[in-house]
Amino acid sequence: MSNYRRSYVPGGVFFLTIVTYRRIPLFSDVENIIRLRKAMAKMRTEKPFDITAAVVLPDHLHFIWSLPPDDSNYSMRVSRLKVLFTRSLPGKRSLFGDISASRRKHRESNVWQRRFWEHTIRNDHDLHRHIDYIHYNPVKHGLVSCPHLWQYSSFHKWVERGKYRPDWGCCCGSNLPQVLDFSDLEDFAGE
């Protein structure tokens, strides 16, 4: 059995990747995005924290969460989010056919991959690189040509706050696409 070690820093800032079971594109359905938002809102009322950045893609999610000063338990929050979302689905726990013996043993459904990826943000440079990675991710996966075209992202809020120009990472207004290099973050993203 693998020995997983996670970094728990009270008041820490964490980059998280959460993936659907077998990369099923659950979030291609707008109703599931609505369910996810409701699950997130409920979970945040139970255990508050700030969402610094986020993107919802068809088969995975990226977040940067900032926890309260005396709290380091992002794992519980991820688990609770998965449970709340899964319970909100029609047909509940077994969404896609039979559940394997291993998943039954661990009381898991066929909705989420068993684990998730986390990275503790170390400094401002690390934070900004991961925020950029999140906002450019729909382009990286070929879902849109520019970050502003993906509506399920915190990119638009960052533009409203003046932290990004509306044409950041964009190729709409020029002949040459602006390609951003995130190859050094691929290991962090769990993709």
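Me: How many residues has helix α1, and what does it reach from its first C-alpha to its last?

Reply: The model is a predicted one. In it, α1 covers residues 30-46, 17 residues in total. From first C-alpha to last the helix reaches 25 Å, close to the expected 24 Å at 1.5 Å a residue.

Me: What lies at the start of α1?

Reply: A side-chain oxygen of D29 comes to within 2.8 Å of the backbone nitrogen of E31.

Me: Which residues of α1 are buried, and why do they line one face of the helix?

Reply: The general idea comes from the helix repeat: with 3.6 residues a turn, residues three or four places apart point the same way. In this structure the buried residues of α1 are N32, I33, L36, A39, M40 and M43. Viewed down the axis of α1, they fall within an arc of 120 degrees, so they line one face.

Me: What covers the buried residues of α1, and which exposed residues are on the face turned away?

Reply: The cover includes strands β2 (50-56) and β3 (60-66) and helix α2 (74-88). On the face turned away from the buried side are the exposed residues R37, K38 and T45.

Me: Turning to H135, is this residue buried or exposed?

Reply: The general idea is a cut-off: buried means under 20% relative accessible area. H135 has 0% relative accessibility and therefore counts as buried. This residue is found in helix α4 (residues 124-140).

Me: Which side chain does H135 join in a polar contact, and which residues is H135 in contact with?

Reply: The side chains of H135 and Y164 are joined by a polar contact of 3.1 Å. Leaving aside neighbours within four places in sequence, the contacts of H135 include A53, A54, P147, F155, W158 and W168, as well as Y164.

Methods. Residues are numbered from 1 along each chain as its sequence is written. This is a predicted model: local features need pLDDT of at least 70, side-chain atom pairs count only at pLDDT 80 or more; totals for chains, interfaces and linings use all residues. Side-chain values use heavy atoms; hydrogens and water are left out. Helices (H or I, at least four residues) and strands (E, at least two) are DSSP runs, numbered from the N terminus. The expected span of a helix is 1.5 Å times one less than its number of residues. Buried means under 20% relative accessible area, exposed over 50%, partly exposed in between (1.4 Å probe, protein chains only). The arc is that of the directions from the helix axis to the C-beta atoms. Contact means heavy atoms within 4.5 Å. A polar contact is a pair of N or O atoms within 3.5 Å; within protein, one must be able to donate a hydrogen and the other to accept it, and residues adjacent in sequence count only if both atoms are side-chain atoms.
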